[in-house]
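Q: I have a structure open here and have not looked at it before. Can we go through it together?
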Amino acid sequence: MTSSSRLPGFYDLPLAERQARLRALAVLSETELAALANGGLTPEAADPMIENVVGTFNLPLGIALNFMVNDREVLVPMAVEEPSVVAGASFMAKLARPAGGFRTSADEPLMIGQMQLLAAPDLDAAAAAIAAAEGELLPEAAGIDPVLQKLGGGPRGLEIRRIDNSPIGPFLVIHLIYDVRDAMGANAVNTACERLAPRIEALTGGRVHLRILSNLADRRLARAECTIQLDQLAFGDFSAEQVRDGIIEAWAFADADPYRAATHNKGIMNGIDAVVIATGNDWRAVEAGAHAYAARSGRYTSLSTWGKDADGNLVGSLELPMAVGIVGGATKVHPSAQAALKLMGVSTAAELAQIITAVGLAQNLAALRALATEGIQRGHMSLHARQVAIAAGATGEQIERLAAQLVAEKTVRVDRAEEILKEWQ
Ligand code: MEV
């Protein structure tokens with residue numbers, strides 16, 4: 001844990017000095033610092049994780065600054081290849097600080113396991129039989145993971161849903177609600193569903209076909225809110241009111257139109273996925289849950305909302321399923337993920353879920369603020385220009401100088417970068 005997430009000047013430091021600043025915080029051991037600096041996962045450690053391993057794949061790991069989440073200072077590790085994501089989140093977290101940063105909450109870690117019951121002779125009788133046997137079925141599902149049970153997790157209930165319209169006719173779906181505590185929970189839930197299936201078949205005379213968790217983890221939502229004081233919003237030629245209203249108009253577009261909502265939500269996921277990946281979590285599961293939740297009304301829409309309060313400040317909120325864990329899977333095996341969790345000072349999955357959601361909201365704000373004012377390209381350009389400068393062959397101090405010239409000329413292209421380098425020779 002860190003005393004402040006404000007590290008002034010961090011952005012402008014050379015890589016080695018940023019690493020030294022991180023060391024000076026005295027939060028991470030040398031081994032953990034090395035895991036963050038070098039990708040952490042060796043091919044040997046990766047070998048048992050998946051099949052046919054030939055190596056590992058690295059991404060840039062940056063630290064988002066300025067985050068205050070429920071009055072706690074948090075440095076947030078983000079693994080992402082896209083320029084402007086880390087800078088955008090950090091800058092918006094800074095704008096949120098005068099009003100107290102991010103206020104967040106999370107539901108109990110309840111996951112849903114689904115069992116598809118086919119060929120039951122009488123669906124109503126089957127539903128009644130399952131409901132009547134709930135008291136015996138739940139203890140059986142609890143037995144699959146004594147450790148989880150000891151930690152206070154385990155099955156919480158059954159829900160029976162009737163699907164009337166399907167290409168194969170009507171059938172029942174049984175939802176097993178399972179408290180997975182600090183795990184992501186897929187293993188426990190899938191095992192529990194497989195354990196219960198024969199009992200349900202015996203009770204109903206039907207056939208349990210699929211037994212698998214649902215990624216629409218809508219019993220495990222996380223929420224974040226922030227207020228951006230009006231005086232934080234003005235910049236350049238843009239008045240604070242212009243920026244605030246522009247952001248609200250941009251959100252209204254996403255609220256009303258799925259074409260825009262997909263991109264708007266992608267911007268949220270830029271931040272969310274980066275932290276999910278840095279902590280070794282399953283980003284496909286989080287993505288699937290987010291987009292399914294965005295379509296829960298039957299119409300795909302924005303995951304966030306933006307408006308203004310009585311004092312004219314900008315107010316944003318975000319709510320989505322957040323099935324992340326801090327025990328088990330890659331989170332446990334990957335040394336960088338362990339270091340990332342330690343840097344954030346996270347000790348429960350719910351805390352992690354809340355930080356991730358705060359980052360999603362900040363990322364959304366960064367995109368909307370840019371789009372509603374100067375456009376997205378300007379911010380992208382300076383980092384992109386560095387990459388172009390390197391691609392053109394610039395080294396050392398040339399990189400920044402060349403990137404600055406490309407941006408000033410508004411021509412961020414490799415051919416022009418090569419030309420300038422030749423002029424400098
Ligand atoms: C780009 O990765 C993300 C944005 O398109 C998000 C948005 O449009 O809100 C900038």
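Q: Let's start with charges. How far apart are the mean positions of the positive and negative charges of the protein chain?
A: They are 2 Å apart. The protein chain has 37 positive and 49 negative charges. Keep in mind that this is a predicted model.

Q: OK. What does the secondary structure come to?
A: The protein chain has 17 helices and 10 strands.

Q: And the overall dimensions, what does the C-alpha trace span?
A: About 80 × 50 × 40 Å along the principal axes.

Q: How does the radius of gyration fit with a compact globule?
A: It agrees: a compact globule of 425 residues would have a radius of gyration near 22 Å, and the protein chain has 24 Å.

Q: What share of the residues is buried?
A: Buried residues make up 48% of the 425 in the protein chain.

Q: What about contacts, how many join residues 24 or more positions apart?
A: Such pairs account for 71% of the contacts in the protein chain with a separation of 6 or more.

Q: Now backbone angles. What is the phi of Asp 71?
A: Asp 71 has a positive phi of about 70°, although it is not a glycine. Most residues other than glycine have a negative phi.

Q: Where does Asp 71 lie?
A: In the loop between strand S1 (61-69) and strand S2 (72-79).

Q: Is Asp 71 buried or exposed?
A: Exposed, with a relative accessible area of 68%.

Q: Then Ala 119, what is its phi?
A: Ala 119 is not a glycine either, and its phi is positive, about 60°. Ala 119 lies in the loop between strand S4 (110-118) and helix H5 (123-132).

Q: Why does Ala 119 count as exposed?
A: Because its relative accessibility is 61%, and exposed means over 50%.

Notes. Residues are numbered from 1 along each chain as its sequence is written. This is a predicted model: local features need pLDDT of at least 70, side-chain atom pairs count only at pLDDT 80 or more; totals for chains, interfaces and linings use all residues. Side-chain values use heavy atoms; hydrogens and water are left out. Helices (H or I, at least four residues) and strands (E, at least two) are DSSP runs, numbered from the N terminus. The radius of gyration is taken over C-alpha atoms; the globule rule is 2.2 Å times the number of residues to the power 0.38. Buried means under 20% relative accessible area, exposed over 50%, partly exposed in between (1.4 Å probe, protein chains only). Contact means heavy atoms within 4.5 Å. Lys and Arg count as positive and Asp and Glu as negative; His and the chain ends are not counted. The place of a charge is taken as NZ of Lys, CZ of Arg, CG of Asp or CD of Glu.
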